[in-house]
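Please brief me on the structure below.

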Amino acid sequence: MDLDLRKLRYFVAVAEHRNFGRAAQALFIAQPVLSRQIRAFEQELGCPLFTRTTRSVELTPAGKQLYDEASRITTVVDGALQRVHGAQRGEQRLVVAFSPGLHVSDAIRAFTASHPKVVIDVFPLRWWERDAPLRDGRAHVAYLRRPFDDSGLRTVPIGHETKVACLPVTHPLAGRRALTSTDLDGEPILDAKTRRTSSLEEKFELIASGQGIALVPVSIANSYSRPDLVYRTVTDALPVETCLAVPESSCPGLAPDFLDIATATLRRHTGGPEAEEKPKPGATSRAPAASAN
């Protein structure tokens, strides 16, 4: 079957609002029209996407999977259309993705100083996406944390981050100044393997409500402060490597230029290894395998 992008966007609106009336208002269409479109979409797919009651609209397992895929599909399509229109105008554009808590603003400023006519788009990654946008064309270069699949990518190490435990303020361990991995034995850990969430905000809401704890890089802890959560150093947690990545197939031009400038800039700000020589295509550097979830 051919995927109807209009119906897919309608589905995303309902999934995000969890209410047909509010979704219809956001889409500027009548609610009965939206309901018919969603029913038709479910018939085309051969599976229900929502569980409807008089009080709520919830995603089915198939709906949750489609929602995860939908944002990637619509972003790819929107990005492709934007690039097509930009090419018609003779515009040069570079999309820079970055993992939560990592900052690329200094690198973008440095790049823009020598490439003032290039339009820079930033692409904030969801915490579980990692290298996917580099492979499906949504981004040209990314500032990431390991681990991720680096096959077919040119990676350049930038630095390392320590990890901290994120706990609800009411947790028995919240009063400790530092923890070890042994202290966390038996604690329910929220990560991609146990419970994948759609955003860090959702993840932290679950932690605050007592559903579990998480180990997060310190830059995420610094970026997400709230009174019902505490962060405690885990003294024996393995560090997480940060690195820049571009597809090995990147042609000479904007992405490699950005990579060179960003490497020097970000290493200065993170205290990472000195950039004494340019990395060779295909060269990678690995840190100990520690999940950044």
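How many disulfides does a search of the whole structure find? The search finds zero disulfides, a disulfide being a pair of cysteine sulfur atoms within 2.5 Å. This is a predicted model, in which local features need pLDDT of at least 70 and side-chain atom pairs count only at pLDDT 80 or more, while totals for chains, interfaces and linings use all residues. Residues are numbered from 1 along each chain as its sequence is written, and side-chain values use heavy atoms, with hydrogens and water left out.

- C47 is partly exposed, with a relative accessible area of 26%; buried means under 20%, exposed over 50% and partly exposed in between (1.4 Å probe, protein chains only).
- C166 is buried, at 0% relative accessibility.

**Helix α1**
- Helices (H or I, at least four residues) and strands (E, at least two) are DSSP runs, numbered from the N terminus.
- Helix α1 covers residues 5–17, which is 13 residues.
- From first C-alpha to last, α1 reaches 18 Å, close to the 18 Å expected at 1.5 Å a residue; the expected span is 1.5 Å times one less than the number of residues.
- Among the buried residues of α1 are L8, F11 and V14.

**S198**
- S198 lies in the loop between β8 (178–179) and α7 (200–208).
- S198 is partly exposed, at 31% relative accessible area.
- Leaving aside neighbours within four places in sequence, S198 is in contact (heavy atoms within 4.5 Å) with R126 and W128.
- S198 and R126 are 72 residues apart in sequence, and their C-alpha atoms are 7.3 Å apart in space.

**The sheet**
- Strands of a sheet pair through backbone hydrogen bonds, either parallel or antiparallel.
- Five strands form an open sheet with mixed pairing, in the order β4-β3-β5-β11-β6; two strands pair if DSSP finds at least two bridges between them.
- β4 (118–124) and β6 (153–161) stand at the edges with a single partner strand each, so one side of each has no neighbour in the sheet.
- Strand β3 (residues 92–98) pairs with β4 in the parallel sense over seven bridges, and the bridge partner of F98 in β4 is P124.
- Helix α5 (residues 105–114) packs on the sheet, touching β3 and β4, and its direction makes about 165° with that of β4; axes are lines fitted to C-alpha atoms, for helices over the stretch in contact, and angles run from 0 to 180 degrees between N-to-C directions.
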